[in-house]
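Open the model in your viewer and keep the selection panel at hand. Each stop below says what to select next and what is there.

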Amino acid sequence: MDETFAALPPRDHGLDACFLGPYGENAHLLEKLVVEFLRDHVYWRRNFHPDDPPAIATTTAYQPDYLAVESRIRRELHQLSAQLKKSVPFHSPRYIGHMASDLLLPGLAAQMLALPYNPNNVTDEVAPVTIEMELKVGLQLARMLGFSHDPTQADCAFGHLTSGGTVANYQALRLALAMKAFPVALRAAGVPELALPDDDWQAFNLSGEAVIDLLGQWQKWLAQLDATARAQWRERVRTQRLEERGLVDFFAAHPSLRLPHVLAPITAHYSWSKGMKLLGLGRAQLDLIPTRGMRLDVDALNDRLQHLLRERIPVLMAVAVLGSTEYGTIDPVDAVLDARQACRAQGMDFAVHVDAAWGGYLTTIFRKPDGGFRARDEVAAEFIYFPSPPIHRAFAALADTDSVTVDPHKLGYLPFGSGAFVCRDHRAMALLAERADYVFHGDSPDDYFAHYRGLGQFIPEGSKPGAAAAGVYVAHRVLPLDHSQFGRLPRATVRATEIFYERALRFAEEQTEQLTVRVPFEPDSNLVCLAINPPGNPSLARANAFMQRLYAAMRADPQQPLQTREFFGSVTTLRPELVGADETRRIHASLGLEPDLEGEPLMVLRHTLMNPYLLDQENGISYIERYFEFLARCGAQLARC
Ligand SMILES: *Cc1c(COP(=O)(O)O)cnc(C)c1O
């Protein structure tokens with residue numbers, strides 16, 4: 001264990017100021033900030049017409065009914081506070097379950113500071129400050145991903161916050177559909193003088209760049225018409241648009257177009273199924289592509305694309321997952337882009353979206369402060385295994401995708417209620433605007449920010465918290481999204497994951513007498529699964545019963561005090577349709593199980609390693625080491641039952 005610490009770089013004290021800490025070590029700092037800025041808020045209230053007398057008289061606080069309500073407030077808050085003590089201790093390095101950890105203190109403080117101002121990021125009329133912050137967060141994330149992020153450039157990216165990755169994924173679907181359908185509407189309206197495709201199939205299969213180009217031509221063409229003609233043409237196109245006609249009518253009017261499919265790996269989050277339904281498509285249009293080692297199988301993707309092409313079924317979007325929710329595995333984003341390139345040559349085109357809700361912030365490890373992308377060797381020098389060449393290629397390819405989902409409330413260490421959607425070229429957003437033909441004329445950042453100040457008309461949500469935007473913005477300002485700043489955080493946790501992985505392999509050797517332990521597939525990000533079976537047990541059902549008992553000792557139980565739990569973990573299953581039959585047989589055999597593809601899927605422990613204090617250098621404590629001691633103890637005990 002001492003070797004573990006000797007091999008680590010010295011403790012990063014900069015990061016130590018960034019969290020409240022497992023022990024509340026920075027309580028003083030947070031309290032100082034909260035009190036200081038709460039007072040500041042009060043002064044702000046008082047300085048708005050200071051001559052107005054206090055509406056609540058100072059003597060009111062002594063009235064019996066005032067006192068009665070005050071005591072009710074206190075009682076209820078005490079109750080709330082007491083109940084919340086049963087919460088899941090995300091802050092602790094003993095919590096390695098779901099995708100949550102301690103919060104970035106600057107983000108938390110900024111959000112608390114902003115809450116009493118209660119800005120509503122639906123429009124700048126009710127959020128004069130925080131809308132611009134949200135748009136800047138979009139540009140910060142765009143820069144992290146490698147998109148154009150200069151608001152004076154025509155092709156600047158656009159990003160906004162959502163309640164989470166689910167809504168961001170839905171926004172990606174909505175935008176992709178709007179972009180595909182628009183050229184079809186232009187054709188149907190019979191707009192003259194534009195270079196329109198010859199048929200609906202071609203119109204529905206233009207590249208994103210071509211759609212944006214066509215949109216620009218259309219806007220320019222409109223602008224040179226007189227007001228009456230402009231209004232007429234606008235109306236003619238409006239009535240042909242999918243957004244006007246609805247899916248049923250639109251596709252009935254274009255019988256050569258069948259409902260488009262969305263292709264995603266079988267490991268994709270269930271928000272994709274929700275998104276399809278919201279869009280008015282069904283699960284039948286969601287093609288789940290098999291994986292290899294829990295990563296999208298490119299051959300299977302290409303086969304599926306060729307099948308759809310033969311059937312003349314259009315493809316709306318292909319999704320690559322950058323850090324799957326259950327396994328943390330990273331799809332070959334570059335290969336998905338190559339697959340699209342191959343389809344383009346055959347007249348089929350579609351959007352490529354990356355669901356990086358989990359892994360998005362890992363990109364900071366690769367991003368240089370000057371915006372460049374780091375070479376693999378340079379990054380690899382900081383790790384034991386990370387990043388393998390395919391992983392490095394996947395991150396490098398992000399810049400060439402159409403849109404990306406990132407969750408600040410996962411690896412961004414910010415409070416829940418912050419997801420983000422980022423698209424590569426903001427001009428496409430005009431197609432989502434609730435007010436039609438929202439034309440963009442800008443060539444200065446002010447124009448860009450002014451253009452999107454009515455944010456509510458471009459996004460799925462309406463009213464939404466400006467305080468959340470302030471939190472993300474400030475966190476990104478304190479820790480800019482490159483390897484020298486924010487990147488220190490994922491670097492530390494990916495390194496901890498590597499140590500966890502190596503420890504797991506040694507643990508498997510040590511335990512051969514007591515437990516059969518396997519790491520079913522190598523981790524790609526800071527998420528590691530472990531399969532465990534009592535020795536000599538051939539039955540999958542018994543292995544799962546054992547895992548159920550083990551998990552019961554590692555999950556929150558409202559009936560039990562938190563302190564009875566040594567560690568918190570989570571579980572997932574290895575479904576054969578996900579893992580593949582051969583892989584499933586291999587994993588079952590490696591655990592000494594009789595291969596069983598029909599029964600319930602194998603349960604495995606799932607560890608999300610994102611706490612910055614897993615390796616406590618200050619005290620020479622490795623919570624990873626302690627976890628494996630716990631697992632040995634608990635496992636041996638439960639294997640005997
Ligand atoms: C978490 C997650 C989502 C959903 O995000 P929410 O913030 O929970 O709505 C989508 N995709 C992936 C890959 C995720 O990990």
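**Stop 1: strand β8 and its partners**

Select β8 and strand β9 (residues 419–423): four bridges join them, and the two run antiparallel. Strands pair here if DSSP finds at least two bridges between them. Helices (H or I, at least four residues) and strands (E, at least two) are DSSP runs, numbered from the N terminus. This is a predicted model, in which local features need pLDDT of at least 70 and side-chain atom pairs count only at pLDDT 80 or more, while totals for chains, interfaces and linings use all residues. Residues are numbered from 1 along each chain as its sequence is written, and side-chain values use heavy atoms, with hydrogens and water left out.

Pick S403. Its bridge partner in β9 is C423. β7 and β8 pair in the parallel sense, over four bridges.

Now show the side chains of β8 (residues 403–406). Both faces are covered: S403 and T405 on one side, V404 and V406 on the other, all buried. Buried means under 20% relative accessible area, exposed over 50%, partly exposed in between (1.4 Å probe, protein chains only).

**Stop 2: strand β2**

Move to β2. Five of its five residues are buried. H261, L263 and P265 cover one face, V262 and A264 the other.

Which strands does β2 pair with? Four bridges join β2 to β3, in parallel. Three bridges join β2 to β6, also parallel. Then select V262, which stands opposite M317 in β6.

**Stop 3: helix α12**

Select α12 (residues 271–279). S271, W272, S273, G275, M276 and L279 are buried. These buried residues pack against α7 (165–189), α11 (242–253), β2 (261–265), β3 (286–289), β6 (315–321) and β7 (351–356). Step past the end of the helix to G280: its phi is positive, near 95°.

**Stop 4: domains and cores**

Colour by domain: domain 1 is 56–82, domain 2 is 130–182 + 261–478, and domain 3 is 488–639. These bounds come from an automatic or database domain assignment. The C-alpha centres of domain 1 and domain 2 lie 47 Å apart.

Next, select L104, L141, L305, L322, Y361, L574 and L602. They have the most contacts inside the largest nonpolar core, which has 90 residues. Domain 2 and domain 3 both give residues to this core, so it lies between them. A nonpolar core is a set of buried Ala, Val, Leu, Ile, Met, Phe, Trp, Tyr and Cys residues joined through side-chain atoms within 4.5 Å.

Zoom in on L305. Leaving aside neighbours within four places in sequence, L305 is in contact (heavy atoms within 4.5 Å) with L263, V315, A339, C343, M348 and F350. A second, separate core has 68 residues, including F158, L177, A430 and L455.

**Stop 5: the four-stranded sheet**

Select β10, β11, β13 and β12, in that order across an open antiparallel sheet. β10 (516–518) and β12 (570–574) stand at the edges with a single partner strand each, so one side of each has no neighbour in the sheet. Neighbouring strands are turned by 35° against each other on average, direction ignored.

Axes are lines fitted to C-alpha atoms, for helices over the stretch in contact, and angles run from 0 to 180 degrees between N-to-C directions.

Three bridges join β10 to β11 (residues 527–533). Pick R518 to see A531 opposite.

**Stop 6: aromatic rings**

Rings of Phe, Tyr and Trp (its six-membered ring) pair if their centres lie within 6.5 Å; planes under 30 degrees apart count as stacked, over 60 as edge-to-face and the rest as tilted. The count comes to 27 aromatic pairs.

Select W44 and Y117. Their ring centres are 4.8 Å apart and their planes at 50°, so the pair is tilted. W44 lies in α3 (residues 27–46) and Y117 in the loop between α5 (105–114) and α6 (130–145), so the pair ties together parts 73 residues apart in sequence. Y117 is partly exposed, at 31%.

Now take F250 and F251. They form an edge-to-face pair, 5.4 Å centre to centre with 80° between the planes. Buried or exposed, F250? F250 is buried, at 0% relative accessibility. F251 is buried too, at 9%.

Finish on the aromatic cluster of F500, F507, F567, Y627, F628 and F630.
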